[in-house]
Amino acid sequence: MSITAEHLRTWLERFHDEILEHKDELTDLDQAIGDGDHGINMARGVKEMHKMLNGKSFDAPGDLLKAVSMTFIGKIGGASGPLYGSALMKMASRASSDETLTEEEWINVLEAGKVAIQQRGKAETGEKTMVDVWAPLIERFQKQKEIDWQLFQTTAEELMQSTKEMHAKKGRAAYLGARSVGHIDPGAMSSYLFFKTLAETLQERS
Amino acid sequence: MSITAEHLRTWLERFHDEILEHKDELTDLDQAIGDGDHGINMARGVKEMHKMLNGKSFDAPGDLLKAVSMTFIGKIGGASGPLYGSALMKMASRASSDETLTEEEWINVLEAGKVAIQQRGKAETGEKTMVDVWAPLIERFQKQKEIDWQLFQTTAEELMQSTKEMHAKKGRAAYLGARSVGHIDPGAMSSYLFFKTLAETLQERS
Amino acid sequence: MKKLMNDVEQIVDEMLNGMVLAHPNDLRRLDGTTVLVRKNAPVQGKVGIVSGGGSGHEPAHGGFVGKGMLDAAVAGEVFTSPTPDQVFEAIKAVDGGKGVLLVIKNYTGDVMNFEMAGEMAEAEGISVKQVVVNDDVAVEDSSFTSGRRGIAGTVFVHKIAGALAEQGAELNEVQAAAEKVIKNVKSMGMSLSPCTVPAAGKPGFTLADNEIEIGTGIHGEPGVERTDVKPAAEIAQILFDKIDADMHLKSGDEVAVLINGLGSTPMMELYVFNNSAAAILKEKGVHVTETIVGEWMTSLEMAGVSLTILKLDDQLTSLLHAPAETTAFKR
Amino acid sequence: MKKLMNDVEQIVDEMLNGMVLAHPNDLRRLDGTTVLVRKNAPVQGKVGIVSGGGSGHEPAHGGFVGKGMLDAAVAGEVFTSPTPDQVFEAIKAVDGGKGVLLVIKNYTGDVMNFEMAGEMAEAEGISVKQVVVNDDVAVEDSSFTSGRRGIAGTVFVHKIAGALAEQGAELNEVQAAAEKVIKNVKSMGMSLSPCTVPAAGKPGFTLADNEIEIGTGIHGEPGVERTDVKPAAEIAQILFDKIDADMHLKSGDEVAVLINGLGSTPMMELYVFNNSAAAILKEKGVHVTETIVGEWMTSLEMAGVSLTILKLDDQLTSLLHAPAETTAFKR
Ligand SMILES: Nc1ncnc2c1ncn2[C@@H]1O[C@H](COP(=O)(O)OP(=O)(O)O)[C@@H](O)[C@H]1O
Ligand SMILES: Nc1ncnc2c1ncn2[C@@H]1O[C@H](COP(=O)(O)OP(=O)(O)O)[C@@H](O)[C@H]1O
Ligand SMILES: [Mg+2]
Ligand SMILES: [Mg+2]
Ligand SMILES: [Mg+2]
Ligand SMILES: [Mg+2]
């Protein structure tokens, strides 16, 4: 079954709910190894997105992604704003103006997002950032015609967990050196929520 | 038995010891209703006095009182410095250069100190200051030929206690208004120690 | 108690040396004293201005030494008025032949010690006048007590008396201008947290997580009322009301406002507070022609703020805007 | 958490308004943005200088807007880099035809957001250059990481680039001077207490009564090492040694020193610290030709200090002494 703008809307509203639900947890993670604002930043972003989505309708997935990317870039700030914002911006271009996307196409859209994050942030995998969720996850499911969304979700969760034992090399956690080990990366967690809500939404379609 | 400079030295060394012993208590009282430095101020003063007295000899009580007054004025600061300093300064003048003083004369010397404190500080009795120890105590024993030093000491103690229920009108405690009630005035306590050590010293003579 | 310090007994001494080391072209310490003077003191033909008090109020008072404000600042031990001999040294060092004005904050200790120093100087033939700042409306003004404390409003006295002295005015004129400021300046403070005198090692009072203290002075003394935490706008209103009960501001009045942090209040909070205070004054129709926001008259590391309002006339306005070149306050 | 504030969501907005209300002749807020610009921006024929970052570092960055330093400061949420559109508005507002220099502190977020704004401005035909300040030696300098943080040394970059821009220099010259400062400035901080992001409501880390944190940044991040309380002189030595391991100061070198309080450090303690730091430099034979003591680049209400050393040459010295008329820093 193909993916429409309405699916993405459902997904991102779900992402909104999950971020608000886990806001304090994200902030706690960022207090442990960063500056304690990741939950606050993401919550500000998804609230603005929620307001923006309300009352707007979108014909194509790309239009919706573009609008969300502008909101994230303009409202989140910090490191996560440009990263999520650039990801969604490039995802929008890749989705072009197609009104529906196959699962295989959709994974390619996500791949464009991953590339954008790495271009902006210059992080590799293993450096304890959101890249550690994005890159291996998308690489694993790329070129598959049909995605096992349940597996997609558990993989995202494992990847998030894997950041716990990493020694940070990028982002604020890098300033802590070895003391960063033992904490999940906050951006990895918000990225997990991003992919978890995506998987839940796309699974429900069928 | 008459009073000599050596008696005064013994007294003031004892005062030194008692102030150091009660330094924290004086500071606590001053934290409750003032700015928390009375113990620190008095300790600084008596330590300097101790150093000054060491190695100096005095023929007359007045010479010793003069020297101590200069130390107190120059080293204590705050409200208590000029008050104790002026008191001792005027006591020195009243003692003139007599080498010994009778008890009756000595009370007159103390009376000069009391007047000096009231001139400098403009406080009346009942305003919750050291005056509440100095004034009633000296007035009570004035013009007596022989002093009951035991009674002198317990009177001083009662007078100090009496400041507890007073509503401060002078000194920093006055800023607290009614909240000053329930705490002994720190200057009243140091004055009690002043008179207590005096009584002990003069009692031991006989 | 955690403080950046070495020997607690040397804290004032090291602070004064640290100041002179930071500002060697502006300040000089009189040998063997706790007095900081302008590098070029005494300035001949200018009234000298001496202030000071206990330490722990930095940048007051050493930070206000310089052209257009003070000629000397005398530092006592923490929260303890300096002794007369120190003040006397300051007076001698800054007398440029036109006499010296002592700017004293109204605390029994300060008044007595400065007065004794004034007597010593007069005995040596130096003309000395004094003014006593008592701007703190938290305390009842009563002829039965020693009256109101001097707090942040003192900064305006330094600024305005200093500016007039710099213009070559006579001692009695400088004193009169200082008295005019004192008559027209009122302040009130509050604190979010207490402070610890280094030698005492523990705070002067304690506050629960949801408590604030209204009417606190600048010596870690408890205030006049304890209450629950409130928004900045409400606090501004409480402080303003108490000041205005005394000042009776009218629409059209011109004032200068000083928002003074008590030692550990971030500029962010001071500006938020100013935003609230400005709204109250605007509502009243009062024109704020000058606002000074910062930490000027502090109480060690106390968190909190005081609001000071100075009613202006043409003379005060022009002296307020005159140049000042001190290490803490520049105009 | 006790703070002087109203609505936690409005804290940056109210702070910016409070600043403009306090300094109406100096500052202006661009409508609908979090950007403060010089009242007279854009200054024609002058390179514009834009800095900024998350809020909570006051007086940085708004306090440095004015003649001889910044043309605009962009304020993000507390400790959160501002978004590209805000920075872009600042760039447009201060471009006086000679281009704009962005002074960025080296945090991933700041670098990305400012860079994106630069791209937007270039697309509209405004020449934009940027420099990235990375003075914090607490953090390992490594090509495998995003490298060192920018902290208090940024103040020197503002001062010196601002002074050169004021003299009419070209964009590439101003950029080169800023780069020279960055190459020659190193800092290291420590804290006695943490700070609380208003929207988070609890401190970023905790410290026991006898603990201090060495190598703290300016965002309430934990530092690189925790240790027991030490005298100021020892702390100064630790910070200096770490800086010098990188800087290799020699006898005869000329430097400027910045003693920066992190938000709630009393001036008394900063001057005591300066006294200790000055002794270390003197011992080394290093000439301190300029010392700046105060709270310039703060971390909300954190208690602590950072030491910054800038190695000088003739150009840097003369630009450091050039006039500056900002609300926080005057020369
Ligand atoms: N260079 C980078 N590349 C990819 N992700 C990064 C990079 N730097 C930081 N991040 C991500 O951003 C998250 C922090 O975001 P946030 O707290 O909102 O911003 P900030 O670090 O500016 O406070 C980190 O947990 C990490 O996942
Ligand atoms: N006007 C006054 N007359 C007499 N005694 C006073 C007066 N003002 C203050 N005192 C005394 O001084 C004591 C406080 O001394 P101290 O704490 O050393 O000075 P400060 O109040 O300047 O901190 C008070 O407890 C009180 O007994
Ligand atoms: Mg963060
Ligand atoms: Mg006291
Ligand atoms: Mg005192
Ligand atoms: Mg942040």
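Biologist: Which element supplies the largest share of the shell around ligand 1?

Modeller: Keep in mind that this is a predicted model. In chain A, helix H3 (38-53), helix H5 (80-95) and helix H9 (186-205) each supply at least two residues of the shell around ligand 1. The largest share is three residues, and it comes from H9(A).

Biologist: Which residues come nearest to ligand 1?

Modeller: Ligand 1 lies between chains A and D. Around it are 21 residues. The nearest of them are A:Asp35, A:Ser80, A:Gly121, A:Asp185 and A:Gly187.

Biologist: What is the make-up of that shell by class?

Modeller: Sort the shell around ligand 1 into nonpolar, polar and charged residues. Seven are nonpolar and five are charged. The polar residues number nine.

Biologist: How far is an oxygen atom of ligand 1 from an N or O atom in the side chain of A:Asp185?

Modeller: The side chain of A:Arg172 has an N or O atom 3.1 Å from a ligand 1 oxygen. A:Gly187 uses a backbone N or O atom, 2.9 Å from an oxygen of ligand 1. For the side chain of A:Asp185, the distance is 2.5 Å.

Biologist: What percentage of the area that ligand 1 exposes when taken alone does the protein bury?

Modeller: Start with ligand 1 by itself: it exposes 560 Å². The buried part is 97%.

Biologist: Which residue coordinates both the magnesium ion (ligand 3) and the magnesium ion (ligand 6)?

Modeller: Ligand 3 is coordinated through OD atoms of A:Asp30, A:Asp35 and A:Asp37, at 2.0 to 2.1 Å. In sequence, these donors are spaced D-x4-D-x1-D. The two magnesium ions, ligand 3 and ligand 6, are 3.5 Å apart. The residue that coordinates both is A:Asp35.

Biologist: Why do the copies meet through the same surface?

Modeller: Compare the interface residues of chain D with those of chain C. The copies meet through the same surface because the share of chain D interface residues that are also interface residues in chain C is 100%.

Conventions. Residues are numbered from 1 along each chain as its sequence is written. Chains are lettered from A and ligands numbered from 1 in the order in which they are written. This is a predicted model: local features need pLDDT of at least 70, side-chain atom pairs count only at pLDDT 80 or more; totals for chains, interfaces and linings use all residues. Side-chain values use heavy atoms; hydrogens and water are left out. A residue is near a molecule or strand if one of its heavy atoms lies within 4 Å of it. A polar contact is a pair of N or O atoms within 3.5 Å; within protein, one must be able to donate a hydrogen and the other to accept it, and residues adjacent in sequence count only if both atoms are side-chain atoms. Accessible areas come from the Shrake-Rupley method with a 1.4 Å probe; for residues, only the protein chains shown count as cover. Helices (H or I, at least four residues) and strands (E, at least two) are DSSP runs, numbered from the N terminus. Ala, Val, Leu, Ile, Met, Phe, Trp, Tyr, Cys and Pro count as nonpolar, Asp, Glu, Lys and Arg as charged, and the others, Gly among them, as polar. Contact means heavy atoms within 4.5 Å. Donors are N, O and S atoms within 2.8 Å of the metal (3.2 Å for Na, K and Ca); water is not among the atoms, so sites may look incomplete.
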